[in-house]
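Here's a quick briefing on aromatic contacts. Have a look at the model first, then read on.

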Amino acid sequence: MSTQVHDNVKQYYGSRLESTCDLQTSAACSLPCRPMPKSAIEALNLVHPEVTKRFSRHSYPERLSYCSHLKIARFFGCGLPVPEKLQGCRILDLGSGSGRDCYALSKLVGETGHVTGIDMTEELEKFGFEKPNTTFLQGYMEKLTAAGVENDSMDIIVSNCVICLCPDKKTVLREAYKVLKEGGELYYSDMYASNVVPDHLKEDSVLWGEGMGGSLYWRDFISLVQEVGFSTPHLISASHIEVHNCELKKKAGDISYASGTYRLFKLPKKLEMSSGIVTYKGTVPDYPCQLEFDSSHCFKKDVALQVDGEMAAILQCSRFSPDFCIQKYGHLSPFLLADNLGSSVKQCSKTGKAPGGCGET
């Protein structure tokens, strides 16, 4: 499966980069757009020192405190892909690298869950509960089943700034779709370009290693995942990526880059989608008052909210189903809407009389 692109990436991350701060962009230290839950911070703080021991202080000192706090010295991602409600879930991490995300997630899924990391580099050591709940596979994201990942076996797939390094992104997404269960989620961060990256930039090994050469134009990404079969991608957070190297910035020209975290779901193919009114119960751990599902949907406890058919289907078919009361309808019923709004007619518009007297003479 190994291609020249794969070999270049292995060399770039295996020998050229000693630590996060050797990267030529701000991708790995992009500040999160919303606070992390306490449980995720605690899990990250439990990551073994071996994962973070080679921290380099010689470059980008302004980012040192943030990188140190999140223990990402040997971490080359561009986001923090930690979705909600992970207890008991089976999670696959595409491009697990140093293993930081896997180790943190293994704490969050608990002893009844399991985390599998796959990377084309050598295997990593395991640590965690008395009975290990973490497995590392050596293989390619384009060949998940060949690496030992069964179809329809995963509740969640996470990935952190590695799909931009893959030469065949459509195949990666197809493989991810195959191994997810129905109702499962792909929750991942990646680098995106403001315009289509021209071919001559894709051939530059340094630009590719930095994620710049292989970044998708963000609109093409949306079309691609829907073509594979996923739901509409829901943007959770985003931040600008600064290119610190003047030579690379000059090569990129007018193309700018951003990191974005999206969530998308594998919905049943024959599911009838109809809009509805949903009410969050406040039962997702760490989110008792409101659940910020993405940048456009914030569900407050006990507050009814009208959503489109696809969002209603996502909430109904995913692991979030027990956390919502869902009232679906084909065409909006005036009676259902009136019930949820708590409104009623106070007087007849013709006579000005109270209900029951309308039409009386």
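Let's start with a charge over a ring: Arg263 sits over the face of Phe293, 4.3 Å from the ring centre. To count, NZ of Lys or CZ of Arg has to be within 6 Å of the ring centre and within 35 degrees of the ring normal. This is a predicted model, where local features need pLDDT of at least 70, side-chain atom pairs count only at pLDDT 80 or more, and totals for chains, interfaces and linings use all residues. Residues are numbered from 1 along each chain as its sequence is written, and side-chain values use heavy atoms, leaving out hydrogens and water.

**Charges over rings**
- Lys266 also lies over a ring face, that of Tyr177, at 4.8 Å from the ring centre.

**Ring pairs**
- There are 12 aromatic pairs in the structure (Phe, Tyr or six-membered Trp rings with centres within 6.5 Å; stacked if the planes are under 30 degrees apart, edge-to-face if over 60, tilted for the rest).
- One of them is the tilted pair of Tyr192 and Phe221, at 5.1 Å between centres and 55° between planes.
- Since Tyr192 belongs to strand β5 (residues 180-193) and Phe221 to helix α8 (residues 218-228), this pair ties together parts 29 residues apart in sequence (helices are DSSP runs of H or I, at least four residues; strands are runs of E, at least two; both numbered from the N terminus).
- Tyr280 and Phe324 have ring centres 5.4 Å apart and planes at 40°, so they're tilted.
- Tyr280 is in strand β9 (residues 276-280) and Phe324 in strand β13 (residues 324-328), 44 residues apart.

**Cluster**
- Phe265, Tyr280, Phe293, Phe299, Phe320 and Phe324 are joined into a cluster by ring pairs.

**Burial**
- Tyr192 is buried at 6% relative accessibility (buried is under 20% relative accessible area, exposed over 50%, partly exposed in between; 1.4 Å probe, protein chains only).
- Phe221 is buried at 0%.
- Tyr280 is buried at 0%, and Phe324 is buried at 4%.
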